Amino acid sequence: MIAHWLSRFLQPRCIGCGRAAVVGLCDDCAARLPHLGIHCPTCANGVADARFACGTCLRRPPAYSHLLVRWQFRDVVRSTILRGKFYADRCALCVLEDETRRLLHAHPVQVDAVLAMPIANRRLHQRGFNQTLFPARAAARLLGVPLVAEGVFYKEGRAPQSLLPTHAARRRNIRGAFTVRGTLPARLLLVDDVVTSGATLHEAARVLRTAGVQDVVALAIAAAHRGTS
C-alpha cells in the first residue's frame with residue numbers, strides 16, 4: 001500500500017498537464033508552447049521579415065551577432081522557467097535542456113565554447129545554483145565543445161533588471177556589471193534563460209568582445225515578445 005501511494009507521488013509527470021510517466025513536457029504540451037513567430041534575428045522584436053534586423057537593432061546594434069530563441073515568455077514557458085529558476089525543479093530544468101537542443105538542431109552554430117550567463121554571488125548563494133548552467137551544458141554536449149568554467153566570467157550584484165521600468169534604466173543598471181577573469185576562445189555561445197530588453201545580453205557580449213572574443217552568439221529559452229519597431 002505504501003509503495004502504491006509513493007509511486008503516485010514520485011513518478012515523473014508532465015509539468016504542463018500532469019500526464020504520468022513523462023519527464024518534462026509531453027508531446028501535446030510541447031506542441032502548444034507559445035511560438036515567437038517572425039522576429040528580429042538579434043533582439044526578438046516582431047518584424048515583417050526575419051532576414052533583416054529591426055529598426056532598433058539597426059540604430060543600436062547589439063554586441064552579439066545573432067540571437068537564437070523560439071518561445072514567448074508566457075504560459076507554460078514562463079511557469080517552467082520560473083520553476084527551474086527558483087525551485088530547482090529538475091523536470092523543469094530538463095525542459096530547458098531539451099529546448100536548447102531542439103533550437104540548436106534547428107539552427108546549428110559554429111563556436112569554440114559555450115558560456116552560461118553568470119549570476120551574482122549573493123544570488124548564487126541564496127539560490128544554490130545557476131539555472132543557465134543546465135541549458136548551457138546541454139548545448140556544449142550537443143555541439144561537442146567545452147563549457148567555460150564558472151568564475152571566468154563574473155557578474156556583480158545589481159538591482160534586478162525585471163524591477164526596472166524602462167530599457168534605458170536597464171542599460172544603465174547593468175553597465176559595468178561583468179568582468180572577465182581568464183582567457184576565452186574566439187567564438188562563444190552565450191546562454192541565458194530569458195531575454196526582455198536585451199540589455200543584459202548586450203552588456204555581457206560587449207565585455208566579452210572587449211576581452212578579445214571575436215564573435216558572440218546568444219541563445220535564450222524565451223523572449224518577452226515585443227511588436228514591430
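1. From helix 5, Arg90, Leu93, Leu96, Glu97, Thr100, Arg101, Leu104 and His105 meet Phe134, Pro135, Ala138, Ala139, Leu142 and Leu143 of helix 7 (contact means heavy atoms within 4.5 Å; helices are DSSP runs of H or I, at least four residues, and strands are E runs of at least two, numbered from the N terminus). By class, this contact has nine nonpolar, two polar and three charged residues.

2. A quick word on the model. It is predicted, so to speak, with local features needing pLDDT of at least 70 and side-chain atom pairs counting only at pLDDT 80 or more, while totals for chains, interfaces and linings use all residues. Residues are numbered from 1 along each chain as its sequence is written, and side-chain values use heavy atoms, leaving out hydrogens and water.

3. Now the geometry: helix 5 (residues 90–106) and helix 7 (residues 133–143) pack at an angle of about 40 degrees, and their axes are 8 Å apart. That makes helix 5 oblique to helix 7 (angles under 35 degrees count as roughly parallel, over 145 as roughly antiparallel, 65 to 115 as roughly perpendicular, and the rest as oblique).

4. Next, the largest nonpolar core, which has 30 residues; Leu67, Phe178, Leu188, Leu190, Leu201 and Leu208 touch the most other members (a core joins buried nonpolar residues through side-chain atoms within 4.5 Å; buried means under 20% relative accessible area, with a 1.4 Å probe and protein chains only). Helix 9 gives the largest share, six residues.

5. Zoom in on Leu201: beyond its neighbours within four places in sequence, Leu201 contacts Tyr64, Leu67, Met117, Leu190, Asp192, Val195 and Ala218.

Technical notes:
Axes fitted to C-alpha atoms, helices over the stretch in contact; angles between N-to-C directions. Nonpolar A, V, L, I, M, F, W, Y, C, P; charged D, E, K, R; others polar. Buried < 20%, exposed > 50% of the residue type's maximum accessible area, 1.4 Å probe, protein only.
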